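Dear colleague,

After it I have set out what was found.

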Number of protein chains: 2
Amino acid sequence: MPESIPIDSVGLVKPQAYHFEEPLTLRSAKVLPSFDLMVETYGELNSDKSNGILICHALSGDHHAAGYHSMSDSKPGWWESCVGPGKAIDTQLFYVVCLNNLGGCAGSTGPTSINPQTGKHYGPDFPIVTVRDWVKSQVMLMDRLGIKKWAAVVGGSLGGMQVLRWAISYPSRLANAVCIAGAPKLSAQNIAFNEVARHSITTDPNFHEGNYLEEGTYPKQGLMLARMVGHITYLSDSAMRVKFGKSVTDFENDRANFGRDLRSGKLSFGLNTDFQVESYLHYQGERFSENFDANTYLLMTKALDYFDPAVDFDGDLSKAFADTNCKFMLISFSSDWRFPPERSREIVNDLLKAGREVTYLEIEADQGHDAFLLPVPRYIKAFSAYLKRIHQKIINDAT
Amino acid sequence: MPESIPIDSVGLVKPQAYHFEEPLTLRSAKVLPSFDLMVETYGELNSDKSNGILICHALSGDHHAAGYHSMSDSKPGWWESCVGPGKAIDTQLFYVVCLNNLGGCAGSTGPTSINPQTGKHYGPDFPIVTVRDWVKSQVMLMDRLGIKKWAAVVGGSLGGMQVLRWAISYPSRLANAVCIAGAPKLSAQNIAFNEVARHSITTDPNFHEGNYLEEGTYPKQGLMLARMVGHITYLSDSAMRVKFGKSVTDFENDRANFGRDLRSGKLSFGLNTDFQVESYLHYQGERFSENFDANTYLLMTKALDYFDPAVDFDGDLSKAFADTNCKFMLISFSSDWRFPPERSREIVNDLLKAGREVTYLEIEADQGHDAFLLPVPRYIKAFSAYLKRIHQKIINDAT
């Protein structure tokens, strides 16, 4: 827990639930009769409501992007590195909105919610939601907030995919699209890793075809394993060599140990946990499996797999961008092997082909896909500068 | 099954078990009182026994490297692409020996064998064996065969690690070491993937702490999942894009679909198997889990994790190579991200530092780590040429 709130934090924040009584028709053709969205906002909306920034979250994120819910919180929100007074997404300049996506497990309607039609948890009956559906519900939230046009929609990873969908489907509703560590669609390898995660959850004997809440059980092992696999793909090989190779102090001159630090100084010659990296994965998996809903995890991976904005345009993403009407910023990280720089360059190329205005940054960073959540200096500087220019334009337009 | 045996196959072969009554002290300090090794040989040993080649197998391999056990076999041995008359490892020139490693599940003593001291399956009581132990047992086999010096010891992946251990520990017993798609030791990322595999097996409720045979069960789901993860790391992202992107026929000009071919032409909007790559992984996992022992899989991954020949030399691999006495060939594949070319270059650099004679080939190949098992033309050509020179030297030395 923080002894005091850091000066560059938004401080104590309180999420708010928005109820939507109007039905939402999903891409699957299923209809959600009504739903809730759990939302956090930071900063103040200006008088002409032109300084709104929407943050879209990734696979395991939620509405709690920044600040603390109480003084006993051990950690701030998931994007504390980028959101706060004086930070890249400067809450002194912008009104920042972040929500838990539909199908989530942090307060918005999802598999752990009660289905009003049955009085029981939705569980596995919660429909598959897509990036398109999320953005549709985000537009409803935007309307409720009285915002006509976002100054920017921003997000990393799966969040960046929502950004692209915003630009394509609602061209008049945003001025800027900031897509960080994204991809135009998943590759077979990406899908394969997701399927391993799903398979580990659905074959856990405690899964009960998704009805674990009704059964009073929980597929903890399956979810833990899913997260362990996921976690490997968020880190780079080189970052892991440093993180788990601390016994090598002089990394340049010593022989690198490739991240092979042992837990107890010697090998067990048994099936025990020998290496630090194994303990770390167990810890990450454990912690995640205690705080996340398995059905939500399944949904989120399907939303990732299904995302393909070019699908309505004969597979040609540049055609999908033809009617967009915002400026774009794309950022990628050199060591990200989940969504490597070439995936962002594909998006950039198709934006250029469509004649769009694009700023593209390829950041040298060792931390892999996770870099988008970390205070990598060049990344933060460039991101800050871009958003400052947006704010300057808002001021210029108003005067 | 083959309708007829291909002309470049070794044809019908029969494995043979060799029993060793002498105890084997393992690196763990445990002792195997006696053991069997299951062996296949191809070709003829020459009169001065100088044309022997030892093949070391990888994680899921065994003694059956080439040919067929019966006319009803659906597939030949695992290295049919490289072993046979006129092939890279030419059985008309060499006497080729391949064995199932200790701890395996294809006939050599391992967890599925009966422990003579208890009359029950070894199961989880089978000791952890290391690459060093394997090579030690391979020397005993060599002595039994009456071979003083191998013309070459060859292997890919974990097999390549055994090759390095041979060169370091038994410098007078081999003339050439051919290490393909190997690494000097695993990185944290490699270990992490192995730990995911182990965790999926050991948390399967049917694992029973390794006593599944005694319990009459089998951790099929855990082993299936382990193989699914492993399989992703054997393929490259680009190979998967081609393999599962066949609906794109004009790969250059069409928009690549990133390997996103669907099973049934449309998305299920459920938790069904949507993409071809998912079916493929299920199939591979299923097939493997029906034919492999879970305790063996655990052992093999530990042998991989533990391998580190520099450990006795202050982490300096070049010192480990100081007393080697053979020539080296190293081969790596451009798209192999499990053991990428830079891992082979690390070995090459330390061999050069130690003043050894090294031939190194970096092969452009799209197939990832699996390339070492496939008939990649430049690879086969170079490998053939190297072994032909070895054979020429054998003839020259004899005359």
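Helix α1 of chain A is followed by G146(A), a residue whose phi is positive, near 75 degrees. Please keep in mind throughout that this is a predicted model.

The helix itself, residues 131-145 of chain A, has 15 residues that should span 21 Å at 1.5 Å a residue, and because its end C-alpha atoms are 21 Å apart, the two values agree. Its buried residues are V131(A), D133(A), W134(A), V135(A), S137(A), Q138(A) and M142(A). The elements that cover these buried residues include the strands β2 (24-25), β4 (35-42), β5 (52-56) and β8 (95-99), together with the helices α2 (158-169) and α8 (294-306), of chain A.

Helix α5 of chain A, residues 220-234, also deserves a look: from its first C-alpha to its last it reaches 21 Å with its 15 residues, close to the 21 Å expected at 1.5 Å a residue.

Turning to the two chains, the contact between them takes 46 residues from chain A and 46 residues from chain B. On the side of chain A that touches chain B, at least two residues each are supplied by α3 (188-202), α5, α6 (237-243), α7 (276-291) and α8 of chain A, and α3(A) gives the most, with 11 residues. By residue type, this side of chain A divides into 23 nonpolar, 12 polar and 11 charged residues.

With best wishes

Terms used
Residues numbered from 1 in each chain as written. Chains lettered and ligands numbered in written order. Predicted model: local features only at pLDDT ≥ 70, side-chain atom pairs only at ≥ 80, totals over all residues. Helix = DSSP H or I, 4+ residues; strand = E, 2+ residues; numbered from the N terminus. Expected span 1.5 Å × (residues − 1). Buried ≥ 20, exposed ≤ 12 C-beta atoms within 10 Å, placed from the backbone. Contact = placed C-beta atoms within 7 Å. Nonpolar A, V, L, I, M, F, W, Y, C, P; charged D, E, K, R; others polar.
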